[in-house]
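Below is a short report on a predicted model.

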Amino acid sequence: MPDRRPRGPQPQWRPKRETLRVLGAVEGALDRYGAHLPVSLRQLFYVLLTDGALDKTERDYKRMCEYVGMARRAGRIGWSSIRDDTQIAVDGPPAYAGLGDFWSGVAAAADDYRVDRQDGQSVCLELWCETAGMVPQLARIGADYGIACYSGGGFDGLSGKHDAAMRAASRRVRTRVLHIGDHDPSGEHMFTALAEDVHAFAAAVGAEVEFERVAVTADQVTAYDLPTAPPKPTDRRSFTGTTTQAEALAPDILATIVRSRIESHRDPDLHQQVLLREDAERREIRRALNC
C-alpha cells in the first residue's frame with residue numbers, strides 16, 4: 001500500500017498477487033449481485049466464504065475490508081457498490097437553479113407519482129431489519145409494494161418502538177412487521193424484546209401489531225447451508241443451535257425469501273387495481289402539466 005494510513009484517492013495503488021486474487025472474487029460477486037447493490041462488507045464476506053475465496057476468520061474479514069477500501073480509493077470498485085453501515089445522512093431542503101429547473105423537477109415528480117400501494121389490503125406491512133447496511137436492498141424490494149423499511153437494531157431504541165406503535169394506531173387495518181435478523185442469542189432475544197415492547201405500546205393506544213420472523217430461521221440455515229459458529233460462551237441467554245448472521249444469506253436468496261413473504265400477505269387483484277389507478281392518475285397529472 002502507498003502508506004500505512006491512506007487518505008483520499010489512491011490512483012497509484014498497485015495491488016499484489018494475493019490482493020488481486022481476492023479483488024477478482026469481490027468483483028465477480030459484485031457483478032453477480034448487481035441487481036441487489038449496494039451490499040454491506042459483511043454480506044460480501046459471506047458470499048466470498050461460500051465461493052471458497054476466503055476462510056471464515058476475523059483476519060480474512062479484515063483484510064478483505066482493507067483490500068476493498070483501497071480498491072474504492074483507487075477507483076477500481078465503484079463507490080455506490082458498497083453500503084457503509086455507519087453512514088447517516090440528512091439532506092438539506094430542496095433548492096433550484098431557477099424556475100426552469102423547478103419545473104423540470106415538477107415534471108420528474110409527475111413521473112414518480114405513486115398512490116398508496118398497500119391501499120385496500122387487509123394488513124399493512126412493514127419491513128424491519130437488524131442490520132442497517134441491509135436496509136437499501138430491503139427498501140428496494142418493499143418499494144414495489146409500497147412497504148417502508150426500518151432498521152430495528154438494538155434493545156434500547158425506545159423512540160423507534162413507540163413510533164411503530166403510533167404508526168399502527170393511525171391505520172384502519174392491523175400492522176404486521178416482517179423482521180430480518182441474525183440467528184443467534186442476541187438476534188433472537190432482540191426480536192422478542194422488540195415484539196413485546198411494540199405490542200405493549202400499541203395496546204396502550206388500542207392498536208394491533210403482529211411480528212413475523214422472515215429470516216434467519218433454523219430451517220434456512222440448513223436449507224441454504226449457511227456458515228455457522230457456536231454461540232459466544234459469554235452470552236448466557238437461552239438459545240439452541242449455532243449462530244448465523246442475516247448477511248450470510250446471498251442477496252438474491254434474501255430477496256426471494258422477503259418477496260415471497262410479502263406476497264403471501266397481499267391480494268394480487270387488489271395490488272393490480274392500485275397499479276392501474278396509479279398509472280391513470282399519473283397520466284392525468286402529465287396532461288394537467290402539459291408534459
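## Salt-bridge network

A network of salt bridges links E18, R21, R59, D60 and R63. A salt bridge here is a side-chain nitrogen of Lys or Arg within 4 Å of a carboxyl oxygen of Asp or Glu. By this rule the count comes to 21 salt bridges.

This is a predicted model: local features need pLDDT of at least 70, side-chain atom pairs count only at pLDDT 80 or more, and totals for chains, interfaces and linings use all residues. Residues are numbered from 1 along each chain as its sequence is written, and side-chain values use heavy atoms, with hydrogens and water left out.

## Helix 1 against helix 3

Helix 1 spans residues 17-32 and helix 3 spans residues 58-73. Helices (H or I, at least four residues) and strands (E, at least two) are DSSP runs, numbered from the N terminus. The two helices pack at an angle of about 80 degrees, and their axes are 10 Å apart. That makes helix 1 roughly perpendicular to helix 3. The term covers angles of 65 to 115 degrees; under 35 counts as roughly parallel, over 145 as roughly antiparallel, and the rest as oblique. Axes are lines fitted to C-alpha atoms, for helices over the stretch in contact, and angles run from 0 to 180 degrees between N-to-C directions.

Which residues meet at this packing of helix 1 and helix 3? Helix 1 brings E18, T19, R21, V22, L23 and V26. Helix 3 brings R63, M64, Y67, V68 and A71. Contact means heavy atoms within 4.5 Å. E18, R21 and R63 are also among the residues of the salt-bridge network.

## Helix 2, enclosed

Helix 2 covers residues 41-51. Of its 11 residues, 9 are buried, so helix 2 is largely enclosed by the rest of the structure. Buried means under 20% relative accessible area, exposed over 50%, and partly exposed in between (1.4 Å probe, protein chains only). The buried residues are L41, R42, Q43, L44, F45, Y46, V47, L48 and L49.

What do these buried residues of helix 2 pack against? Their partners are helix 1, strand 1 (39-40), helix 3, strand 2 (82-83), helix 5 (135-143) and helix 9 (251-264). G52 follows helix 2, and its phi is positive, near 80 degrees.

## Salt bridges between elements

R32 forms a salt bridge with D51, with the closest N and O atoms 2.7 Å apart. R32 lies in helix 1 and D51 in helix 2, so the pair ties together parts that are 19 residues apart in sequence. R32 is partly exposed at 45% relative accessibility. D51 is partly exposed too, with a relative accessible area of 37%.

E210 meets R174 in a salt bridge, at 2.8 Å from N to O. R174 lies in strand 5 (residues 174-180) and E210 in strand 6 (residues 209-215), so this pair ties together parts 36 residues apart in sequence. E210 also meets R176 in a salt bridge, at 2.5 Å from N to O. R176 lies in strand 5 and E210 in strand 6, so this pair ties together parts 34 residues apart in sequence. R174 is partly exposed at 32%. E210 is buried at 19%, and R176 is buried at 18%.

V115 sits in the loop between helix 4 and strand 3 (123-129). Is V115 buried or exposed? V115 counts as buried, at 10% relative accessibility. Not counting residues up to four places away in sequence, V115 touches V274, R277, E278 and E281. V115 and V214 are 99 residues apart along the chain, and their C-alpha atoms are separated by 26 Å.

G120 is found in the loop between helix 4 and strand 3. G120 counts as exposed, at 52% relative accessibility.

## Nonpolar surface patch

Y96, L99, F102, W103 and L289 make a nonpolar surface patch of about 540 Å². Patches are made of residues with over 30% relative accessible area and no salt bridge; like charges are joined within 9 Å, nonpolar side chains (Val, Leu, Ile, Met, Phe, Trp, Tyr) within 5 Å. Accessible areas come from the Shrake-Rupley method with a 1.4 Å probe; for residues, only the protein chains shown count as cover.

Helix 4 (residues 99-111) gives the most to this patch, with 3 residues. F102 lies in helix 4. At 31% relative accessibility, F102 counts as partly exposed.
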